[in-house]
Amino acid sequence: MSGALARVALLAHPAGHSLSPLMHNAAFEDVGIDAHYEALDVAPAELPTVMNQLRRAPYLGANVTVPHKEAVLHLVDELTPAAAAVGAVNTLIRRGARLVGHNTDGAGFVQALGEIGLGATAGLSEANCLVLGAGGAARAVVHALLAAGASVHVANRNPERAAVLAADLGSASGATNGAYVAADVLELLPTTNLLINTTSVGMRGGSDPYSTPLIEAANLDLLPIEAAVVDLVYRPAVTPLLAAAESRGLLVQNGLPMLVRQGALAFEAWTGVEAPVSVMRQAAERGLDRNAG
Ligand code: ATR
């Protein structure tokens, strides 16, 4: 691509240690697009002004992260069905002077499952899934699982939030199977094919995983031996939940493949060019290694 340098922003507050600039700049370079991705620290009060800047060249679009994913719902010109159903935007795409709010988290999650043999075309429609957590990440995951035909139970520390999620998404996605609140996690585990932790439990610097009833209750010995366990946390690469699942011999995946896949889908929405997924993954892994200690 020739001409002026195109730009993509990450709207965050604080801008912090995101791996996205590394992933996307490596991808732009790999496919030969003259563009630069940078994290912007945007205070909530500045969000409308920054959104107006994004409506003009040289911006192709943006990513949106904490704490803006819900606030931008009301500041875009259009929402995709995925963003509207999830109730959060992680990607902005500029179309002329209009900003389209989109969400690639759920589709990225399902694509990442393909890496452990559980993609949208490989058995998810038969799967019983148990999702721990009912925040923004859980909403994206549950929406995508329902769209792939899975049946989903949601367990959350605050059960009311799980009930709201199940009611919102169970009917909105046109799913053939529903979303339910998990009344008793232990009772569900023997028939669960896929257990997903969407909470921050197990994250470096986060809550102590052993003091958390939800994870403790997820007694992995009760899962069928062919079950898979996915943790959306990727710092550390092996959380206590994944270590326990691995020692039981279960299929495991951390959150890095989902991070890369949601990024690849955003890249494709901005550029119309197939994302170099392995280049993005290597860049993310290098970034993790760099701030590992
Ligand atoms: P995200 O967008 O990453 O999902 P979020 O919306 O803040 O973030 O949601 C965080 C999730 O982690 C919630 O399900 C939260 O449970 P509550 O709704 O009960 O707050 C869960 N969570 C965070 N810390 C937790 C802990 N120590 N034990 C159990 N669940 C926890």
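This is a predicted model: local features need pLDDT of at least 70, side-chain atom pairs count only at pLDDT 80 or more; totals for chains, interfaces and linings use all residues.
Apart from neighbours within four places in sequence, the residues in contact with Ala27 are Phe267, Pro276, Val279 and Met280.

## Helix α1

Helix α1 covers residues 20-31. With 12 residues at 1.5 Å a residue, α1 should span 16 Å, and this agrees with the 16 Å that separates its end C-alpha atoms.

Ala27 belongs to a set of buried residues in α1, together with Ser20, Pro21, Met23, His24, Ala26 and Phe28. The elements that cover the buried residues of α1 include the strands β1 (6-12), β2 and β3 (59-64), as well as the helices α10 and α11 (277-290). Just after α1 comes Gly32, which takes a positive phi of about 80°. As a general rule, most residues other than glycine have a negative phi.

## Aromatic pairs

How many aromatic pairs does a search of the whole structure find? The search finds two. Phe28 and Phe267 form a tilted pair, with 5.2 Å from centre to centre and 40° between the planes. This pair links distant parts of the chain, since Phe28 is in helix α1 and Phe267 is in helix α10 (residues 256-271), 239 residues apart. Phe28 has a relative accessibility of 1% and therefore counts as buried. Phe267 is also buried, because its relative accessible area is 0%.

The other pair consists of Tyr37 and Trp270, whose ring centres are 6.1 Å apart. Their planes meet at 50°, so this pair is tilted as well.

## Cis peptide bonds

Most peptide bonds are trans. Which residues does a cis peptide bond join, with omega about 0°? The bond in question joins His13 and Pro14. Pro14 is found in the loop between β1 and α1.

Another cis peptide bond runs from Arg235 to Pro236, with omega near 5°. Pro236 is located in the loop between β11 (228-231) and α9 (240-248).

## The ligand site

There are 14 residues around the ligand, and those that come nearest are Ala134, Asn156, Arg157, Asn158 and Arg161. Three of these residues are described here through their polar atoms. For Ala134, a polar backbone atom is 2.9 Å from an oxygen atom of the ligand. For Arg157, an N or O atom in the side chain is 2.8 Å from a ligand oxygen atom. For Asn158, a polar backbone atom is 3.0 Å from an oxygen atom of the ligand.

Taken alone, the ligand exposes 650 Å², and the protein buries 70% of that area.

Methods. Residues are numbered from 1 along each chain as its sequence is written. Side-chain values use heavy atoms; hydrogens and water are left out. Rings of Phe, Tyr and Trp (its six-membered ring) pair if their centres lie within 6.5 Å; planes under 30 degrees apart count as stacked, over 60 as edge-to-face and the rest as tilted. Helices (H or I, at least four residues) and strands (E, at least two) are DSSP runs, numbered from the N terminus. Buried means under 20% relative accessible area, exposed over 50%, partly exposed in between (1.4 Å probe, protein chains only). The expected span of a helix is 1.5 Å times one less than its number of residues. Contact means heavy atoms within 4.5 Å. A residue is near a molecule or strand if one of its heavy atoms lies within 4 Å of it. A polar contact is a pair of N or O atoms within 3.5 Å; within protein, one must be able to donate a hydrogen and the other to accept it, and residues adjacent in sequence count only if both atoms are side-chain atoms. Accessible areas come from the Shrake-Rupley method with a 1.4 Å probe; for residues, only the protein chains shown count as cover.
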